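Subject: Structure handover

Hello,

Here is the structure we spoke about. Please look through it first; my notes follow below.

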Amino acid sequence: MLRYIISFVRALNSNSKPSEIAHAFSIGLMLGFMPKDNLLWYLLLVFFMFCRINKGGYFIMMLAGALAAPAADPLFDKVGYFILSWAPLEPVFARLLDVPFVAFTRFNNTVVCGALVCGIICYVPLYFLMRLFVGAWRNKIAPRFNESRFGKFFYKLPLVNKIVKAAVELG
């Protein structure tokens, strides 16, 4: 986990594209919301591992989404039930269940379907918020933080010092 935190912090302060960090956070939240006991989650996890995104931000946000998901499960259940019981889509879902191995994705579970739809809905706003945050971090927040008394004290903490040294060694 420490490696992912170091990767994310290095990306925030480097020349990596803000869009890579923003996509990583958005995808990580989407996968964090979904239950992990279905084929769809594993397929999406592997697919997004091959995309050009910040893996540190991806795994950090996946963990944050997984921690928030139990509180949002009633919402996911309601959204999934609405989607799965919507009359125009019922024939599509019935045909998908007849396709071999598609049932292993558990798309017909209300929580899985609702979590996926809610993750997709959250994708765009979170993407733009993260792009704004990365720009603000690089231009305004980080320089002020580094020059403040708290920032200087923070960098002298032993754990932070070890993380900075590890980041330098990895880079």
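The protein carries 18 positive and 8 negative side chains, and the centres of these two sets are 16 Å apart. Lys and Arg are counted as positive, Asp and Glu as negative, while His and the chain ends are left out. Each charge is placed at NZ of Lys, CZ of Arg, CG of Asp or CD of Glu.

Please note that this is a predicted model, in which local features need pLDDT of at least 70 and side-chain atom pairs count only at pLDDT 80 or more, while totals for chains, interfaces and linings use all residues. Residues are numbered from 1 along each chain as its sequence is written, and side-chain values use heavy atoms, without hydrogens and water.

Overall fold

The protein has 8 helices and 0 strands, where helices (H or I, at least four residues) and strands (E, at least two) are DSSP runs numbered from the N terminus. Its C-alpha trace spans about 60 × 25 × 25 Å along the principal axes. The radius of gyration, taken over C-alpha atoms, is 19 Å, whereas a compact globule of 171 residues would have one near 16 Å (the rule is 2.2 Å times the number of residues to the power 0.38).

Of the 171 residues, 35% are buried, meaning under 20% relative accessible area with a 1.4 Å probe and protein chains only. The protein exposes about 10800 Å², and carbon and sulfur atoms supply 70% of that; the areas come from the Shrake-Rupley method with a 1.4 Å probe. Taking contacts (heavy atoms within 4.5 Å) between residues at least 6 apart in sequence, 72% join residues at least 24 apart.

Two residues

Asn-54 sits in the loop between helix H3 (39-49) and helix H4 (55-84). Asn-54 counts as buried because its relative accessibility is 10%. Its side chain reaches the backbone nitrogen of Gly-56 at 3.3 Å, and a polar atom of that side chain lies 2.6 Å from the backbone nitrogen of Gly-57. Leaving aside residues up to four places away in sequence, Asn-54 touches Ser-7, Phe-8, Ala-11, Glu-20, Ile-21 and Ala-24.

Ser-19 belongs to helix H2 (residues 18-33). With a relative accessibility of 18%, Ser-19 also counts as buried. Beyond residues up to four places away in sequence, Ser-19 touches Tyr-127 and Arg-131.

Regards

Notes:
Buried < 20%, exposed > 50% of the residue type's maximum accessible area, 1.4 Å probe, protein only. Polar contact = N/O pair within 3.5 Å; in protein donor to acceptor, adjacent residues only side chain to side chain.
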